[in-house]
Amino acid sequence: MAIRLYTGRRGDHMSKIFLMVIFFCMSHELLLGANKDFELKFEEFEKNPFLKPDPFSSTLKLDKEKLKEIVNMGVPIIPKIIDKLRKNSSSGVAITIITYLTKIQFEFIYDENKCIYTYNDYNNYAYSPPVFQKGKVKFDSIWVYWWDSGRKLTPEIFKRKYETYQTAKNSGKEDELEKAYIKLQNMGIIILPNLLEKIESGDKELIPIFKYLSNQKNLKTVEDCKVWWEENKRKYKDLLNY
């Protein structure tokens, strides 16, 4: 019996399917490995977040090497940190990691009478530490709120803070300009595309913020920022999907 070999278009089609299956399997294995690596590193850091105590000092020092190992896993682990905070809103380790990763500094006011934190940029959110929570009232971490809802307000908040920055710059008052500049920077890595838009429009004074938030000290020109973003924006896909 003669065996007929399939060649041509059908053979090419089957080869493509085979390669897609192989790629999917490899990606799945890499993802499982990355998840396992993250969980192991997080668990170890959570168990021992501090360096061995100095017998001559009462100050505990954070183990920055363990922290660095996790932070170096990059922006893609942010959803995993959020999951940790859903389970434990006051996890110091998770809060430390996500703060280092996102470089966000929230603006808040603490009401001592009500034992509640309110946030300047998020009028419909408030937080009360677990020790002050009563009954079944549950306050999610500001980070969980930010991930679920606050991120959607990024364009609006950036627009407002950028306008404040422009007004301060035009006023010639250095102290006001510095405050406005820092408040813009404290919005964190989520504003990288917003910054790039302004930089490409001619506001080169924002390049230092872009360098800081991207951890790229060698960026010097508009083109540098543009090229870097094009090469790395895929890593920010989940973060910017709001």
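These legends walk through several close-up views of the predicted model shown above. Residues are numbered from 1 along each chain as its sequence is written, and side-chain values use heavy atoms, with hydrogens and water left out. Because this is a predicted model, local features need pLDDT of at least 70 and side-chain atom pairs count only at pLDDT 80 or more, while totals for chains, interfaces and linings use all residues.

**View 1. The buried residues of helix α3.** Helix α3 covers residues 78-87; helices (H or I, at least four residues) and strands (E, at least two) are DSSP runs, numbered from the N terminus. Look here for I78, I81, I82, K84 and L85, which are buried, meaning under 20% relative accessible area, with exposed being over 50% and partly exposed in between (1.4 Å probe, protein chains only). Down the axis of α3 these residues fall within an arc of 155 degrees, so they line one face of the helix. That arc is taken from the directions from the helix axis to the C-beta atoms.

View 2. K47 and E43 form a salt bridge, their closest N and O atoms being 3.3 Å apart; the term means a side-chain nitrogen of Lys or Arg within 4 Å of a carboxyl oxygen of Asp or Glu. Both residues sit in α1 (residues 9-47), four residues apart, about one turn of the helix. An α-helix has 3.6 residues a turn, so residues three or four places apart point the same way. K47 is exposed at 58% relative accessibility, and E43 is partly exposed at 40%.

**View 3. A salt bridge between distant parts of the chain.** D203 pairs with K169 in a salt bridge, with the closest N and O atoms 3.6 Å apart. The partners are 34 residues apart: D203 is in the loop between α8 (192-200) and α9 (207-214), and K169 is in helix α6 (residues 154-171). D203 is buried at 8% relative accessible area, whereas K169 is partly exposed at 26%.

**View 4. A network of salt bridges.** Here E107, D121, R160, K161 and K183 are linked in a network of salt bridges. The count for the model comes to 17 salt bridges.

**View 5. Two residues with positive phi.** Most residues other than glycine have a negative phi. K103, in the loop between α4 (92-102) and β1 (108-111), has a positive phi near 60 degrees and is buried at 12% relative accessible area. C115 has a positive phi of about 55 degrees; this cysteine lies in the loop between β1 and β2 (116-119) and is buried at 15%.
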